[in-house]
Amino acid sequence: MNAQVTPALTRDDFEAALRAKGGYYHIHHPFHRAMYSGGCTPAQIRGWVANRYYYQINIPQKDAAIMANCPDASVRRLWLQRILDHDGHDDDAGGIEAWLLLAEAVGLTREEVIDQRHVLPGVRFAVDAYLNFARRATWQEAACSSLTELFAPEIHQSRLDSWPDHYPWIEAEGYRYFRKRLSEARRDVEHGLSITLDHFVSAADQQRAFEILQFKLDMLWTMLDAMTMAYVHETPPYHTVTDQPVWHRGL
């Protein structure tokens, strides 16, 4: 007897299933819930900003890897905007610069953020895994991994809605990044979603897409797990043998 073949989801059902993955987005992580409910200390906010900087500077490298693997000029022309959004162009200083303004607004110096002295090894390993995936995967698979943008506007809005009340010590200029990404993420997700819906059409393809999106969700969640250990439980790496941040900053 022939094995029963699992039918592929319709395009609408596939999109709905991808969007349902939002239940695992890091907006639901206890560290992030504490941030938007006012439960974080200044040191915890600074630790999060310093560590997320490493993610921010790797985003355009991830997007460049996707473009390098993509032979379709029409896709590259649209995807290029993501790099410009982060690295800056013309009169737009870009998202990385906006993140540095956030760092200054929470009381960090540019120097200590740029030199990555606060980046935890768990965060570095998670982000590096994402970048390496984008370099090795097909461009369609790497584009699919960006679909956490489906859920990003909500997380940016939650910060804009709650942080000014809960953390009045943060300078208002620091919120530029979140405002900037509200519109950019909505635009980007339309492109990434259309690529995914067009490319992953069989049941096996669609299961692969779910695994890829879950990998990205795992990466974001793991970053916050590392920060929780260091800044909530106050057990940073090597805390049992030293009180110094001895972990590597890159190889």
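**Helix packing and salt bridges in a predicted model**

Helix α3 passes helix α4 in a left-handed crossing, a crossing being left-handed if the near helix is turned anticlockwise from the far one by less than a right angle, and right-handed if clockwise. The structure is a predicted model, in which local features need pLDDT of at least 70 and side-chain atom pairs count only at pLDDT 80 or more, while totals for chains, interfaces and linings use all residues. Residues are numbered from 1 along each chain as its sequence is written, and side-chain values use heavy atoms, with hydrogens and water left out.

Helices here are DSSP runs of H or I with at least four residues, numbered from the N terminus. Helix α3 spans residues 42-69 and helix α4 residues 73-87; they pack at an angle of about 165°, with their axes 9 Å apart. Axes are lines fitted to C-alpha atoms, for helices over the stretch in contact, and angles run from 0 to 180 degrees between N-to-C directions. α3 and α4 are therefore roughly antiparallel to each other, the term applying to angles over 145 degrees. On the α3 side the contact (heavy atoms within 4.5 Å) is made by Q56, I59, P60, D63, A64, I66 and M67, and on the α4 side by R76, W79, L80, R82, I83, H86 and D87. The contact of α3 with α4 comprises eight nonpolar, two polar and four charged residues. In this classification Ala, Val, Leu, Ile, Met, Phe, Trp, Tyr, Cys and Pro are nonpolar, Asp, Glu, Lys and Arg are charged, and the others, Gly among them, are polar.

Helix α3 also contains R46. R46 counts as partly exposed, at 29% relative accessibility; buried means under 20% relative accessible area, exposed over 50%, and partly exposed in between (1.4 Å probe, protein chains only). Not counting residues up to four places away in sequence, R46 touches V106, G107, L108 and W169. The C-alpha atoms of R46 and V75 are separated by 37 Å, the two residues being 29 apart along the chain.

With a salt bridge taken as a side-chain nitrogen of Lys or Arg within 4 Å of a carboxyl oxygen of Asp or Glu, the count comes to 16 salt bridges. One of them joins the side chains of K180 and D92 (3.6 Å, N to O). K180 lies in helix α10 (residues 176-199) and D92 in the loop between α4 and α5 (95-105), so the pair ties together parts that are 88 residues apart in sequence. K180 is buried, with a relative accessible area of 14%, whereas D92 is partly exposed at 24%.

Salt bridges with shared partners join D85, D92, K180, R181, E184, R187 and D188 into one network.

E141 forms a further salt bridge with R208, with the closest N and O atoms 2.9 Å apart. This pair links distant parts of the chain, 67 residues apart, with E141 in helix α8 (residues 139-145) and R208 in helix α11 (residues 203-232). E141 is buried, with a relative accessible area of 14%, and R208 is partly exposed at 37% relative accessibility.

Terms used:
Helix = DSSP H or I, 4+ residues; strand = E, 2+ residues; numbered from the N terminus. Parallel < 35°, antiparallel > 145°, perpendicular 65-115°, else oblique.
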